[in-house]
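Trainee: I am new to this structure and would like to learn how to read its inside. Could you walk me through it?

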Amino acid sequence: MTRIGAVHGVLAEHRYDQREITDMVARTCLPPGGDRRLLDRLHGSACVERRAMALPLERYVTLGGFGETNDAFIETAVPLGAEAVTGALERAGLSPRDVDLLMFTSVTGIAAPSVDARLVGRLGLRPDVKRVPVFGLGCVAGAAGVARLHDYLAGRPDDVAVLLSVELCTLTFQRDDPSVANLVATGLFGDGAAAVVACGARRAAAGPTVVGTRSRMYPDTESVMGWDITGSGFKVVLDASVPELVRKNLAADVDSFLADHGLRREDITAWVCHPGGPKVLEAVEEALRLPDEALEMTWRALAAEGNLSSSSVLHVLRDTLAERPPPPGTPGLLLAMGPGFCAELVLLRW
């Protein structure tokens, strides 16, 4: 079975309290002299205390169009991604030359050559390393990426595969856009990266094993989450129906997946959940009837970092491994949701 050898998460360089970010958003998204009471309420209810950002606050006020913003994405994503991969390999006791596959995911910027290609020489990866750049999965990509590494390693048990997620969500904030969706996004999302080292069954590694995975797409939900691509870049699509979709669908999907492995919800000793936002997390807790402490690590990540899109669930996994590892041999569930609308479930055994 695939074994997770290490997880390393990093944050962007610039760190700000939520109030400082709210003040910046008021200057850039609201009309001069506009009423900011809705903005203050949305940011105040996001349950986010502090966030990291790719650029200093004052840069967001003057940042130009999509080209300048995307250039900033590339300039920040490459060194941040390098830091994440280097840290994960060091934790796993491996070198860059050991890596057989590098999967890169992001939904907050684009590049060709892709970020993973730009890292091959910088990190000293082998020239024959396999690369899989992935765009469009959004928040679900952290869990989906682990699942796809597992699929790859099932057929290559001697290999080492690395998943790298870099999400610079604040670069997608839309200036002069006072829409509710944009104001919610500017109060919730932050910038960071994470890397996972996964080893095939014949490679020695510490850490939990991947027992199985499940992907789930929900019909007629393509319009509830994602981007509208505009002249100014990525304009967020975030429908208020997302929590209700979670309440309606998640429990049955989790129960079916666990039952296929002879398990029930009560058997899970660690819930590694993506911090999609307070309403989504409340919906997860209600749908799965989880005890109060089950998503403590996720709520803590939301407060300290905000939602880092696909990187977030990997930060929660890192913290779970480091601070609260479950008893050996017990099952855990890694889960995230994203555009599609879809869910990804990964069953772990500690």
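Mentor: Let us begin with the largest nonpolar core, which has 48 residues; among them, L164, V166, L168, L171 and V197 touch the most other members. Please note that this is a predicted model, where local features need pLDDT of at least 70, side-chain atom pairs count only at pLDDT 80 or more, and totals for chains, interfaces and linings use all residues. Residues are numbered from 1 along each chain as its sequence is written, and side-chain values use heavy atoms, leaving out hydrogens and water.

Trainee: What is a nonpolar core?

Mentor: In soluble globular proteins, nonpolar side chains tend to be buried together. A core is a set of buried (under 20% relative accessible area, 1.4 Å probe, protein chains only) Ala, Val, Leu, Ile, Met, Phe, Trp, Tyr and Cys residues joined through side-chain atoms within 4.5 Å. Here, the elements that each supply at least two residues include α1 (18-29), α4 (66-92), β6 (160-168) and β7 (191-199). These are DSSP runs numbered from the N terminus: helices (H or I, at least four residues) and strands (E, at least two).

Trainee: Which element gives the most to this core?

Mentor: That is α4, with 11 residues. There is also a second, separate core of 40 residues, which includes M225, W271, V284 and L345.

Trainee: What lines the largest cavity?

Mentor: On a 1 Å grid over the protein atoms alone, a cavity is a set of points where a 1.4 Å probe fits but cannot get out, and lining residues have an atom within 4 Å of a point. The volume, about 30 Å³ here, is the space filled by probe spheres set on the points, which are joined across faces, edges and corners. R214, R216, Y218, L250, D253, A343 and L345 form the lining. It divides into 4 nonpolar, no polar and 3 charged residues, where Ala, Val, Leu, Ile, Met, Phe, Trp, Tyr, Cys and Pro count as nonpolar, Asp, Glu, Lys and Arg as charged, and the others, Gly among them, as polar.

Trainee: And how is a pocket defined?

Mentor: A pocket is an open set with protein on both sides within 12 Å along at least five of seven lines. The largest has a volume of about 630 Å³, and of its 26 lining residues, V184, L188, L238, K279 and V280 are the closest to its centre. Helix α7 (180-188) gives the largest share of that lining, 4 residues. By class, the lining has 17 nonpolar, 6 polar and 3 charged residues.

Methods
Buried < 20%, exposed > 50% of the residue type's maximum accessible area, 1.4 Å probe, protein only.
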